[in-house]
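Hello,

Here is the structure I promised to pass on to you. Have a look at it first, and then read on for my notes.

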Amino acid sequence: MSQLELINGAAVNLGSIYCIGRNYAEHIAELNNERPDAPVVFDKPAAALLHSGGTIHLPQESDDVHYESEIVVLLGSGGRNLSLAEAEKTIAAYGVGLDLTARDWQQQAKEKGLPWTLAKGFDGAACVSAFVPAAECPPADDISFTMCLNGELRQQGNSSMMLFPIAEQIAYISRYITLNKGDIIYTGTPKGVGKLNSGDQIELNLLDKIHATFTVA
């Protein structure tokens, strides 16, 4: 079973991996997507998880794998039909990660009305840092992060920029799916996504408390 690391040395068994799409207005604009009326939810298999220090192996059949850096929320408890207040209390820790997307596969699937699973769920497509306890972080609406590619700042965001705040994402998912301890949620990416190439070096930062690095093979 996959585990998630906390900065205090503890570990939590991974539950499910949920992701929120189209949650930053400028990212929606850069991809010419339609602004959603509710959170866009999809998931990734546990096999997609890749910890900091790992090597990203790009799928040979895709010519256009994009990085999307995101705040990742670790749940310390769960439930069904959670209120916003209850949802916020489930947040145990924050990390930062990459929702990797085979953009060419995704576009082909969208054109045919098919699922995105292969485009979003290939091995290593859910890169993640260690996690810092929520008690050591600012409120959920003021979590900042950055992503650098080969030493150049490419993405920076703050949870205050989200169309659907973190607690709202958790509550929304819980209306349809029972959430559990160990579940993680990738909360959406800001503008600045782009293609990865062999040899790229990626550095993620969350609140100057968490740093994660990944190398592209």
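The hairpin of β13 and β14 has 2 residues between its strands, and N150 there takes a positive phi near 55°. Helices (H or I, at least four residues) and strands (E, at least two) are DSSP runs, numbered from the N terminus. Please bear in mind that this is a predicted model, where local features need pLDDT of at least 70, side-chain atom pairs count only at pLDDT 80 or more, and totals for chains, interfaces and linings use all residues. Residues are numbered from 1 along each chain as its sequence is written, and side-chain values use heavy atoms, with hydrogens and water left out.

Two strands pair if DSSP finds at least two bridges between them. M147 faces Q155 in β14. Strand β13 is also joined to β17 (residues 201-206), antiparallel again, by 5 bridges, and there C148 has E203 as its bridge partner.

Elsewhere you will find an open sheet of 3 strands in the order β10-β7-β16, with antiparallel pairing. β10 (101-102) and β16 (194-195) are at the edges with a single partner strand each, so one side of each has no neighbour in the sheet. Between β7 (residues 65-67) and β16 there are 2 bridges, and H66 stands opposite K195.

Just after α3, G113 takes a positive phi of about 70°.

Best wishes
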